[in-house]
Amino acid sequence: MLMRTDPFREIDRLAEQFFGTTARPAVMHLDAYRDGDYFYAAFDLPGVDPDSIDCTVERNVLTVRAERRLAAGDNVELVAAERPMGTFTRQLFLGDTLDTDKLEAGYENGVLTLRIPISERAKPRRIAVTATGNGRREISA
C-alpha cells in the first residue's frame, strides 16, 4: 500500500482550481524554435495515445488536441492519481511566413514534434540591379 503525507497538497489543490484540474489540464508544455529553413514546435505529451492526437490548421491558427486516459480495468483499485488526465489543448498563431500546407508531424518518446517549412517568399533573396544608359538603373527581381 502506498502511504504519503504532503503538507503542501492543499496549496496544489488551490492552484489546480485557478490553472487547471486533473480532468481539464491547464498546460501542454511547448518548445518552439527555428533551425535553418524550418520552424519546429515540440509538445510534451507523455503517456498520450498517438491515436488521440489531433492537429488542425485553420487560416494561421494551429490547434493541437490530445487526450490522456486512465488505463484502469474493472478490478483495479486506484491508490494515487496525480498525473493529469483528460483533454489537453494548445493553440499557436503562426505567421504568414510559414508554409502550413507542408506541415509534418511526428510523435516519439512522448513528444509531438511539428516541422513547418519557411515559405519561399519569406526567405532572403538577392535582387539583381542592372545599369542602363544615361545613368538610369533598371531594377528587376
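Quick housekeeping. This is a predicted model, where local features need pLDDT of at least 70 and side-chain atom pairs count only at pLDDT 80 or more, while totals for chains, interfaces and linings use all residues. Residues are numbered from 1 along each chain as its sequence is written, and side-chain values use heavy atoms, with hydrogens and water left out.

Now, the whole protein. There's one helix and nine strands, and from the N terminus the elements run α-β-β-β-β-β-β-β-β-β. These are DSSP runs numbered from the N terminus: helices are H or I with at least four residues, strands are E with at least two. Of the 141 residues, 21% are buried, and buried means under 20% relative accessible area, exposed over 50%, partly exposed in between, with a 1.4 Å probe and protein chains only. As for contacts (heavy atoms within 4.5 Å), take those with a separation of 6 or more: 50% of them come from residues 24 or more positions apart.

Back to the sheet. Strand 4, residues 61-68, pairs with strand 5 in the antiparallel sense over eight bridges. One example is T63, whose bridge partner in strand 5 is Q91. In general, strands of a sheet pair through backbone hydrogen bonds, either parallel or antiparallel.

Next, have a look at S52, in the loop between strand 2 (38-44) and strand 3. Is S52 buried or exposed? Buried, because its relative accessible area is 15%. Leaving out residues up to four places away in sequence, S52 touches R65, A66, E67 and R69. A polar atom of the S52 side chain also lies 3.0 Å from the backbone oxygen of E67.

For contrast, go to E120, in the loop between strand 7 (111-117) and strand 8 (128-131). E120 counts as exposed because its relative accessible area is 61%. From E120 to T97 you have 23 residues in sequence and 8.3 Å in space, C-alpha to C-alpha.

Key
Pairing = 2+ DSSP bridges. Polar contact = N/O pair within 3.5 Å; in protein donor to acceptor, adjacent residues only side chain to side chain.
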